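User: Hi, could you walk me through this structure? I'd like to understand how its parts touch one another.

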Amino acid sequence: MLKPKILRTTIFRLAAVYVAYFAISVGALGLIAYQSASFMLNYRLNANVEKGMTTLKEAYQKGGLQRLIATVNTRENHRHGSALFYLVLDRNGKRLAGHLSVTPSRSGWSEMTYIEDEGDGDMGEVRILLKSLGDGVRVAVAGDLEEVSDYKEAIFIGFLSAFGAVVALGVIGGLGLSLALLKRVETIRQTAEAIIAGDLSQRVPVRGVDDDLDRLSQTLNSMLDRISDLISSLRQVSADIAHDLKTPLTRLRRGLEEAQAQVHSADEYNARIESAIVHVDEILATFSALLRIAQIEAGTRRIGFRDVDLSAIFSTVAHAFAPAAEDAGKSLRYDISPNIRFWGDFELLTQMMANIIENAVTHTPKGVHISVRLRCEDGAIIGVVSDDGFGVPSEEYERLFQRFYRLERSRSTPGNGLGLSLVKAVADLHSVRLDVRGANPGLEVYMRFPA
Amino acid sequence: MRVLIVEDDAETAAYVIKGLCEHGHFADHASNGRDGFFAASTGSYDVAIVDRMLPAIDGLSLVRQLRGQGIGTPVLFLTNLGGLDDRVEGLNAGGDDYLVKPFAFSEVMARVNALARRPAITAAVTVLRCGDLEIDLLKRSVRRGGCRIDLQPREFKLLEFLARHVDRVVTRTMLLEMVWDFHFDPKTNIVETHMSRLRAKVDRGFECELIRTVRGAGYLLSAQA
């Protein structure tokens with residue numbers, strides 16, 4: 001399964017491209033080395049031949065034909081390594097000295113093939129310089145071209161094997177690298193597959209070497225943590241919704257069942273139907289509140305933002321709830337600085353204030369004093385709604401804003417536990433910092449509106 | 001009164017039509033936007049009840065086109081539960097009022113009545129009367145039987161709204177929207193507590209009660225016995 005895949009990995013493709021480039025450069029290097037080496041070898045051969053010719057010329061000039069022949073013989077007898085071949089001809093073309101087996105036909109440079117005397121008659125190639133030294137005496141000096149071609153061949157073979165090694169090693173290395181990387185990528189992929197299949201607890205293994213893949217894995221893992229947090233909160237919310245809607249629906253059903261079984265007069269039926277309608281309205285109100293919170297949390301409501309008179313919102317809401325508070329045996333006082341303006345959604349801010357104040361009015365004992373304050377402080381707008389009731393245990397503060405959360409002692413009072421969730425959603429939409437504090441005694445909801 | 005209802009949900013439409021007929025009104029029904037538009041463009045209706053979500057032409061476009069043709073039939077939009085921006089959009093498109101589904105028929109009836117008899121020009125009215133109650137909108141003063149009644153600004157607004165709809169039922173939701181600008185439903189009995197204070201000032205010591213509670217529907221300001 002891995003094999004065809006490996007050829008399609010990024011790293012293998014990269015390695016292949018890299019190896020190809022490297023091989024091309026090795027080839028180019030070989031070509032240059034080959035060219036310059038053959039140029040150098042030819043040059044040296046020519047220089048050697050010319051030097052030999054010069055020596056013979058000098059010998060002839062100093063000691064005539066005799067000395068020339070002696071020099072040739074001496075040189076030929078002491079041949080070693082890359083020695084030269086010589087030939088001395090008289091005016092009739094007769095060979096006077098030297099072992100060069102071929103006779104060049106023209107003076108100057110020429111190249112000829114010869115058959116070696118000694119040995120098995122191998123063919124050889126020589127480069128010959130033929131010169132006339134006067135009096136019809138001609139001298140030929142020849143260098144063995146075979147040496148040059150041997151060198152060239154050696155260089156060629158050397159570079160060819162280097163080229164082969166580069167390609168082979170490159171392919172092997174590329175495969176190895178791809179395999180190693182593919183394995184790590186494959187683990188990431190398998191983790192993702194497992195998560196897709198539903199196991200959200202899976203995490204990408206981190207090798208602890210802090211390389212790029214490790215960092216990628218860590219980022220993926222934190223993303224997965226976040227997602228699983230979100231999903232579990234979503235699950236929680238869904239479960240809460242199901243539970244909190246089931247309860248009133250069950251109550252409704254029980255009521256209707258009882259009505260069917262026990263009620264006889266039309267008036268009684270009417271009363272039962274009315275109570276059923278009240279239950280249904282409660283359920284609808286819960287749905288409506290949930291949808292509203294969801295819409296606010298989606299953040300699209302910012303299009304409704306205007307320059308609003310926050311003081312007016314505070315006073316209107318406080319004023320609206322004051323008589324209801326009074327009737328419930330509580331007092332509601334307000335101290336609101338006028339003309340404080342804020343950029344926000346009038347309707348939502350009104351509802352936020354209504355929910356906070358309503359919460360204070362509903363969930364406090366008789367005789368408490370509720371206070372609503374709004375003022376500007378160091379450029380920030382501070383809103384406070386406080387009461388001197390029982391307060392809330394400090395460990396519950398965080399959970400007050402959760403959907404459907406209700407304190408134990410509030411379970412019996414009407415409400416759906418969504419009021420403060422909506423407050424939180426509106427506050428978040430407006431970047432209002434919302435804090436719940438103990439007020440010694442009682443509870444204080446503190447709002448800090450951004451300037 | 002002739003009412004056009006443009007609503008694709010047959011059950012909702014039947015519910016509203018039945019109620020309207022029982023109250024002695026005539027109701028026509030169109031089940032999609034196009035039919036609704038053709039029916040409404042005759043201009044022969046006193047009120048149109050238009051659902052926001054409609055096949056063929058949606059409610060917003062329908063009302064925009066009507067207004068574009070210069071037809072001023074009052075329109076009551078029906079919007080879905082939780083449509084947060086629907087109200088503003090609907091009013092901007094030329095709607096006159098809105099109602100969130102699901103609704104009680106009494107709510108529809110009260111709003112249709114309020115829309116149908118909305119006076120074309122309100123600026124000329126400076127004094128509202130109901131029996132021996134007299135509300136001076138300019139001086140913002142209230143007298144009953146010659147005696148001055150001191151009202152707080154919000155109580156005045158409440159009474160003014162009742163007086164503008166004299167002899168018609170206004171619902172609790174209408175009052176929340178129009179008097180307090182609250183477009184949500186508080187659990188607290190805000191309307192009831194304010195109303196009882198207003199009643200104490202307006203009706204206490206007088207033989208005839210002007211402000212009445214209509215059970216299951218709302219309130220009514222009326223001098224008729």
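**Contacts between chains and domains**

Analyst: Let me begin with one pair of residues: the side chains of Arg197(B) and Asp327(A) meet in a salt bridge, at 3.1 Å from N to O. Please keep in mind that this is a predicted model.

User: How many salt bridges does the rule find across the interface of chain A and chain B?

Analyst: Across that interface the rule finds three salt bridges, and between chain A and chain B there are also seven residue pairs in polar contact, counted with both residues at pLDDT 80 or more.

User: Which elements of chain A give two or more residues to the side that touches chain B?

Analyst: Those elements are H5, helix H6 (310-327) and helix H7 (346-362) of chain A, and the largest share of that side, nine residues, comes from H6(A).

User: And what classes do the residues on that side divide into?

Analyst: The side of chain A that touches chain B divides into 13 nonpolar, seven polar and seven charged residues.

User: What area is buried between the two chains, and how many residues does the contact take from each?

Analyst: About 2300 Å² is buried between chain A and chain B, with carbon and sulfur atoms giving 60% of that area, and the contact takes 27 residues from chain A and 23 residues from chain B.

User: Switching topic, how is chain A divided into domains?

Analyst: Chain A is divided into domain 1 (2-151), domain 2 (212-296) and domain 3 (301-449). The centres of domain 2 and domain 3 of chain A, taken over C-alpha atoms, are separated by 24 Å, and their contact takes eleven residues from domain 2 and twelve residues from domain 3.

User: What area do those two domains bury between them?

Analyst: Domain 2 and domain 3 of chain A bury about 1100 Å² between them, and 69% of this lies on carbon and sulfur atoms. On the domain 2 side, Arg292(A), Ile293(A) and Ile296(A) lose the most area to domain 3, together 56% of what that side buries.

User: What does the side chain of Arg292(A) meet in a salt bridge?

Analyst: The side chain of Arg292(A) meets that of Glu347(A), at 3.4 Å from N to O, and across the interface of domain 2 and domain 3 of chain A the rule finds one salt bridge. Two residue pairs are in polar contact between these domains, again with both residues at pLDDT 80 or more.

User: Which helix gives the most to the domain 2 side there?

Analyst: H5(A) gives the most, with seven residues, while helix H4 (212-262) and helix H5 (266-298) of chain A each supply at least two residues of that side.

Conventions
Residues numbered from 1 in each chain as written. Chains lettered and ligands numbered in written order. Predicted model: local features only at pLDDT ≥ 70, side-chain atom pairs only at ≥ 80, totals over all residues. Heavy atoms only, no water. Domains from an automatic or database assignment. Contact = heavy atoms within 4.5 Å. Buried area = accessible area lost by both parts, 1.4 Å probe. Salt bridge = Lys/Arg side-chain N within 4 Å of Asp/Glu carboxyl O. Polar contact = N/O pair within 3.5 Å; in protein donor to acceptor, adjacent residues only side chain to side chain. Helix = DSSP H or I, 4+ residues; strand = E, 2+ residues; numbered from the N terminus. Nonpolar A, V, L, I, M, F, W, Y, C, P; charged D, E, K, R; others polar.
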